[in-house]
Amino acid sequence: MYPFESAGGHGIYLPQLKLSLDNSHREAEWVFISHAHADHLPRDRHSRVIATPFTHQFMRLRGFKGECSELPFRERLSLSKCDVTLFPAGHILGSAMILIESDAGRLLYTGDTKTPPSPVTEGFDLPEEVDELIIEATFGLPIYKWQPIEEIQAAMQKFALQSLQDGYTPLFLGYNLGKAQEILHLLAPLGVDMQIHGAGFPYCEVYQQAGFDLGNVRAYNRATCEGSILVAPSSALGSGFASHVSRIRTAFCSGWALTEARRMQMNLDAAFVLSDHLDFFELLDVCKTLAPKRIHITHTPNPTVVQHFLEKAGHQVSSLEFSPRSEDADG
Ligand SMILES: [Zn+2]
């Protein structure tokens, strides 16, 4: 078993290996970054970062200037005290789980993960067998059960077409990296012009280079946006995004859509439960498939519930004391 400590923000530190996971511990020699969402990015430049090539590319777009060892999926890298291998996590493009192998056993850390994978990722793939598992449980309550993506896609397309037909501009709210590209991909078959918030557009080019169809997308242009499908993070509403368009219909796209939309006091015409994370039942399935000797859960709104269900299924479980994340970062 690995001794580890939770260390700042969402990160974990493995002192014996001097390896940080999604955090920059001051004593770390190596830092693994599971994906390029803001809450996971390295904050200092002293340690060597390990990330997939796409995660590195996104990190650079977000201003990261430090050293990075790019590690493609399923290639083994030897560090001083362990070997590591990355597996696709299905959360956003480039997102990875890390398998750490040493005398202390085989530990898998998932970062943010989703199965079935988001359609604009490299997929989801587990290693054969692990002793210990650190898994995120952002949506670790039985109320979170996602619909099949095809049903969500059909409802989103219907909303977009109906809005346009009625003379309204449809606006889909989702964060700029990952969710926005997923929305564009799901709406691409409509063949309608689409505009994305300016900060999200450079990420689209990376997705397109990776071979994902994002339809007829351009960067947001205030003068021409009316009548196109618009995609922007919910934070853009406060800064005047499309505020001049009087006939607009707004849809929120997130795993938090049903439980949080009202609390956020947004004026919504629709909410689509489109998440980039495991739902509660998928979480139980992954644990069952891997059958590790010990499971540690992170980022959960209510550790006792998910712990109870996992223990009932015969697992040894502990909860790492992280604050559950808000809908602003990720969903
Ligand atoms: Zn994330």
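Analyst: Here is a walk through the sheet, then its surroundings. A quick note: this is a predicted model, where local features need pLDDT of at least 70, side-chain atom pairs count only at pLDDT 80 or more, and totals for chains, interfaces and linings use all residues. Residues are numbered from 1 along each chain as its sequence is written, and side-chain values use heavy atoms, with hydrogens and water left out.

Let's start with the sheet. Six strands line up in the order E14-E13-E15-E12-E16-E17, giving an open sheet with parallel pairing. The labels come from DSSP runs, numbered from the N terminus: helices (H or I) have at least four residues and strands (E) at least two. Two strands count as paired if DSSP finds at least two bridges between them. In general, strands of a sheet pair through backbone hydrogen bonds, either parallel or antiparallel.

Now look at the edges. Strand E14 (216-219) and strand E17 (270-272) each have a single partner strand, so one side of each is left without a neighbour in the sheet. On average, neighbouring strands here are turned by 25° against each other, direction ignored. For such angles, axes are lines fitted to C-alpha atoms (for helices over the stretch in contact), and angles run from 0 to 180 degrees between N-to-C directions.

Zoom in on one pair: E12 and strand E15 (residues 229-232) run parallel and share three bridges. Find Leu-171, and you'll see that its bridge partner in E15 is Leu-230.

Next come the helices. H2 lies across E12, E15, E16 and E17, at about 145° to E12. Helix H4 (residues 201-209) lies across strand E13 (193-196) and E14, running at about 145° to E14. Contact here means heavy atoms within 4.5 Å.

Asp-166 and Arg-249 form a salt bridge, with N to O at 3.0 Å; the term means a side-chain nitrogen of Lys or Arg within 4 Å of a carboxyl oxygen of Asp or Glu. Asp-166 lies in the loop between helix H2 (149-165) and strand E12 (169-173), and Arg-249 in strand E16 (residues 248-253), so the pair ties together parts that are 83 residues apart in sequence. Asp-166 is partly exposed, at 31% relative accessibility. On that scale, buried is under 20% relative accessible area, exposed is over 50%, and partly exposed is in between (1.4 Å probe, protein chains only).
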